[in-house]
Amino acid sequence: MTAVAVGTNRIDPYLIPALDGVAYGLLVFVAASGLVLCFGVANILNLAHGLLYAIGGYTAAALLDGGWASLALALAVGVLAAAAAGVLLAGLLTPVATGSHLSQALLTFGVALAGGSLLVAGFGPDDPQVQVPATLEGSVMVAGHRYAAYRLVFIVVAAVLAAALYLVVRRTRAGMLVRAAVDDPEMVACLGVSPARIRAGVLAAAGALAGAAGVLGAPIIGPGTDTADTVLLLSLVVVVLGGLGSMAGTLLAALAIGEIQTLGVALLPAAAPFLLFAAMAAVLAARARGLAVRWRTA
Amino acid sequence: MSGEVIRRARGAVAALVLVGLVVAPWVVDDYTTALLARTLALALVGVSVALLTGVAGMPTLGQTAPYAAGAYACAVVGSRVSDVGVVQLVVAAGAGALLAALIVPLVVHARGVIVLMITLAIGELVVVVLGRWRSVTGGTDGLAGVPAVRPFWGLPALASDQGRYLYALVVVATLVGAVLVLLRTRAGLVLRAGRDDETRLRASGHRVAVHLSGAHIAAGAIAGAAGSVLVVAQQYISPADFGFDTSALLLLGVVIGGTASVGGALVGAALVIAVRDWLFGVLPGHAPLVLGALFVATVYLLPTGVNRARSRLSEAAAPQPDPPAAQERATVGEVGG
Amino acid sequence: MLTVDRLCAGYGGGTVLHEVTLRVRQGSIQAVVGRNGAGKSTLVHTIAGLVRPSSGRIEVGGVHVAGRQPHRIAQAGVGLVPQGRRVFSRLTVAEHLHLAAAPWRARTSGGEGWTVARTLDLLPRLAARLRHRGCELSGGEQQMLAIARALLGQPRVLLLDEPCEGLSPDLAARVRELVNKLAADGLTVLLVEQQLQHAIEIADRVAVLEYGRMVYDRPTVEARRDPAPLAAMVSIAAVAPLPPNRPTPRLWADTP
Amino acid sequence: MTGLLDAQEVSVRYGSLAALDGVDLCVHDGQRHALIGPNGAGKSTLLDVLGGSTRPQRGTVRFAGRDIGRLGPAARARRGINRIHQRPAVFATLTAAENVVVAALPRVIPRRRWWPAGRRRAAQQLAGPLLEQMGLTAVAAVPAGHLAHGQRRQLEIAMALAGRPRLLLLDEPAAGLSAVEVGRLVELLQALPRAVAVLLVEHRLDLVYALSDTVTVLRDGRTLAAGTPDEIRTSPLVRQAYADGVA
Amino acid sequence: DDAPGPSAGGSIKIGLLASLSGTYQAVGTEIRDGFQLYLDTHDGKLGGRQVDLIVADEGNGAQTAVPAATKLLKQDRVSALTGIVGGGSVAGVTPVLNETKVPLVGSNGRPELKDVSRIWHTSYLSDEPGAAIAQHVRDNVKGSVYAIGPDYQGGWDELRGFTDAFSKIGGKLANADGKTTFTPFPATTNFLPYFARIKASGAAAVYTFYAGSAAVDFVKQYAQSEIKDIPLYAAGFLTEGGVLNAQGDAARDIYSVLNYSPDLDNAENRAFVAAWKAKHDGSPTTYALASYDAAAVLDRAIGAAGSDPTPEAINTAIGQLGQIASPRGTWQFSTTTHSPVQKWYLRQVRQDGRALSNTVVGDLATVGR
Ligand SMILES: Nc1ncnc2c1ncn2[C@@H]1O[C@H](COP(=O)(O)OP(=O)(O)OP(=O)(O)O)[C@@H](O)[C@H]1O
Ligand SMILES: Nc1ncnc2c1ncn2[C@@H]1O[C@H](COP(=O)(O)OP(=O)(O)OP(=O)(O)O)[C@@H](O)[C@H]1O
Ligand SMILES: [Mg+2]
Ligand SMILES: [Mg+2]
């Protein structure tokens, strides 16, 4: 009996971090989902992704008043606004569509810088308050520990999103077109589909996803001067770690990041500042080496 | 023929710019001179970024790592060992090369965006280490009070903005010249070939990993040397000098300049950094907005900037096939299998 | 059906095609031959919209399409089998076929429409490779896929840029046979082909491009009747075996 | 007697598909060996195995008496195995001349070894005649990415030759070449010194019979037949193999 | 030409460097507005001279602050410099200040410096808030206290101030190894794993220091976590200014220590708060106050510097100011550290009408060396 109790006690402090790692990882996945589509699948390097998320976040802060109706409204407005921004971005990107990642980076980084400061100019430099519906505001008991209810809800949202994304990319004609356009846009055009339309569609969808993530994630990664950068960096890390375009890989990477940021920090507090980037460099380098070897053997 | 004209014109422009840079400190005020000196350091890092990104095809966000290694090595040597510029420069370049050599195993097999992310991670890790290794680096607030540098044994210490600027100019011009020479050798040719098609390069018998490692270490040494120029120009360094935004701006500057062109990288990186620093002074609060708008505008004003610069470079560097008369003199030695 | 009139096109600064004129009637096959670098692919790409013409007219079924975007031209019924296959390396064969199939597109050419089943029937090797990705196919299989992809778009005008490159001789013959049959059913074909005898075998007209200029354009019956000028232009005789060890510039002077 | 190149029991599987299934192949010094077979027979895969870019699951590859099975493509190229790819692979932003120079570098050593530029100069001196032989002199200064398809193939052949091969692996060198260029290619291959062995993959049987002294027929990853061109030409088995590939 | 000092018209150039973009924009804006408020309420004059205020953007830290400061000092040739949000920026600007011999009257960040002969601060030293509240925590908390803060110079100093003073008077830290827990900054946005450790440590209270968006994250997550009932003490920046709005109800009841609160009851403060509210939404913060005081310091120093207020003269005059009346109560510069010797207040977040506000609930020690 006592042995069991000691056992649970040793695990107990890590229970909540582990659970939170899942929730946090899923939040990161939701935030990154737009970029998975845009960069991972369609190979458009969109450094304004964080900006699209921030648009959703600020919409949430402006519209949410603690009621469910406001949540629905914010979601609708945030998704629309961010999708519109995505289409705008696609229009801006047209001249460099055939160019390299680097010129896309130049353009989208510029948009992110300018758009970010416009957002802050519009909404003020202070972090705005985000009021979620009262039912979600509180905390619930999980295995004898108090845990934020809102984060639990996220687990469901992210699971739905991951499944939907997988189906769209792998199973629909639209998803195939997007992947084909990455390989050879000219040949896609010769099939009678405009690559520019595909690009606009991808960026609109990515924007919608980012907007939704921004609204839903606002209580956790809230809108503020740094939000865009934080979200962009995390998303890029997750998308690249996940193997560029693989939905399962991205989800796994997001969960790993979540656990590293929570359980890892709880277990190895001294290494906390190094954990994320060291793990990322190690995984990517190991995988690159693995690919190089496999490339040679098979 | 037109290639010849373009080359002449480029040479003339380069010479003009160089002359302008030499006389600049007597024409402009101290602030601009100081700004220029700092910009030169960053432009030199830009060259090392271009070497990797454009020439070797390995886009990097982590050149701030060897840059920081060089800067801190120089600062430590400068305040504890020697105030001679040449010594500091060599130590800094060595530190940069050493760090780059340590990083090589991580990146040499990776390509494209993966390199970008690995180098980003390394850059961030280096910043964390700089912030926490307080006994050497002074922590997040940085290191101040590095004594003024004397360029060479027996020369006086550089106390004025002009002196520091000219020192930076000499160092940067020398190193850029060295890079240009390097790129004209077969090493440069093989690097460019690897950027195009690595499989083909391997099938021709080149050790791709060796070439890439060499490029990384050379770029690391250049970035390290740039670090020592920064210390001289600014007399103060902190981890903030080597953060992500520096890497990002450098990469963007290099893209603006045309990734494969050293001169372009120099100009692009210098422009981006100088414009940023200048904007923060003259347009308080709106610098990011204007900078962002400038980036967007650049893409449209130089729609093919990258490619145009690249094709121009390859045109200029194309070897003329030997005339038939030279065929008899073809010397081809035997190679052991 | 397909009319090209005084077409000029090129890349960057240089002009590659100089005033090329072609008239391909519906249901006929126009062959284009010429040396490497003569501009055959440039001609095909310009018709497909991948290269912008600097002057001249291109008409498909009476509609002026020069300078339109490639997807518009494809929608006008132009199908392309490009040189070098250009299959989508990350899509499986099945996905290629699914993507290329445009069942809703009104079929205007004769014969029954192309379905996935029918293409697979024609190219049975593909049927066994449905789950392979484009980059995992052998060269010939990629070529088959490129042909299948173009057919499934239900084209009215088919541009074939060396469609038999990399196909085994029997299969190549079969593809030519198919092209012949499709033309008989009303499809208009522009065929770029290196092997003159193969071109003449099925084409109604044959044209020769030299340095971007059309230097020869006659009905094949005429070419068969009087093969000399054509043969001189593309020197088919060169295929005959040469005596071994004829002296050529020695590269290995110092090799034992 | 063992040959210059000796591959035994080579098997390559991709999932459930056996691209190569226990193939033996021997190329002797100076031999002109052709490899034919219907599409998807495994010809290119075999060349990949010999060139080192694919590692077989089973089987050994010996070259000049040494086991080279563990060497990568670069090491094999330095030992004298040079190849062209079925899809022409060239350095797109480098000029045609530079392409040849790069390909020549690993195997040339200048007379004045101490002078760093000497090696490159020696390689450049090799590039001129090679380009001329392939009829590419006019486009020597054009970036390879701007060449026509056939020109790229010719360029890659020049690059393979620049590597001073002992064994030349040619994957459909005549595909996409015009009649004149094919003639030139045939001439070039026939003029190659006997010290250079050639393994030729080609679908144009007229060329195969004109150029080779031994022919191996692959089908579905297995060796179907091997012999002199005359034997193969008349073999009903081979005819059947090709016909099956179509049906 | 444009030599330093007043021009014929009796005007004087002052440079203000603050983060007007980036992470610390909120603080930087307050600093600019505080200084401007003083000018606006004093006819745009300092020491009787018309002020030509030149503002430059500090950005996110030293690498943008140094060139901006260089411009103010070497191109605009200001007679004094003020503002500066980040401690790192002050360190970076120091070499240029020494070269140009211009005084800095900083209004926020304050690194450890060897030579402060030309550097003054109207805010505080980073370790002072902690030192000021240590006794109160020791007296009121029954048990050990968990110390946690961000991992950078400011965080180290803030927490050291508390833990040193707290240990000296016999307090015990709950942290596992007896050392403060530092969280990666600014990377940490999720504090739950740390809360799990705090819970496991059995602490009776928590002392912390965060500012900006990290403060929002910390407080909101704290309120939803399983340690939400453990009392939270903090350096005042945790709930200061705009972050309090974003935190909302989650911030209720948090104790903090600061040198200022808008509800202080003195004549200067009433005037200051009224003037502030006339121009801006909400109440002034300690950042605005410090900048307002920096202007007051310059006002008196320039006035005292005589007919030719050179930077040197201004610097000398600042050293002789003595007591300064301020909305926070009177204070004076320490002769050794050149930062204020001032009183600290204990505040608690309470409902004030419809909004939450930091209400002064007691006086703490007067701190400063
Ligand atoms: N992208 C390009 N940029 C510049 N020049 C090009 C480009 N593509 C082709 N060219 C040039 O245009 C000319 C014609 O090329 P094209 O591809 O049309 O020839 P082709 O007749 O199809 O030859 P092949 O039989 O080898 O395929 C060539 O001289 C080639 O160098
Ligand atoms: N990477 C791969 N993954 C899966 N299957 C492959 C891969 N590479 C080749 N294959 C399969 O192996 C078989 C042999 O391919 P290979 O390229 O060797 O054929 P080939 O004889 O060169 O044919 P062709 O004449 O068409 O070029 C083909 O069926 C091909 O689909
Ligand atoms: Mg062609
Ligand atoms: Mg093949």
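Tutor: A crossover is right-handed if, with the strands pointing away from the viewer, the path from the first strand over the helix to the second runs clockwise. This is a predicted model in which local features need pLDDT of at least 70, side-chain atom pairs count only at pLDDT 80 or more, and totals for chains, interfaces and linings use all residues. Residues are numbered from 1 along each chain as its sequence is written, and chains are lettered from A in the order in which they are written.

Student: What makes a right-handed β-α-β unit in chain E?

Tutor: The unit is made by β7(E), helix α5 (residues 153-168) of chain E and β8(E), where helices (H or I, at least four residues) and strands (E, at least two) are DSSP runs, numbered from the N terminus.

Student: Why is strand β7 of chain E called mostly covered?

Tutor: Buried means under 20% relative accessible area, exposed over 50%, and partly exposed in between, with a 1.4 Å probe and protein chains only; six of the six residues of β7(E), residues 145-150, are buried, so the strand is called mostly covered.

Student: How do you know that β7(E) pairs with β8(E)?

Tutor: Two strands pair if DSSP finds at least two bridges between them, and three bridges join β7(E) to strand β8 (residues 181-183), so these parallel strands count as a pair. In β8(E), E:Thr183 is the bridge partner of E:Pro150.

Student: What joins β7(E) to strand β9 of chain E?

Tutor: Four bridges join β7(E) to the parallel strand β9 (residues 205-208) of chain E, and E:Ile148 stands opposite E:Thr208 in β9(E).

Note on methods: Side-chain values use heavy atoms; hydrogens and water are left out.
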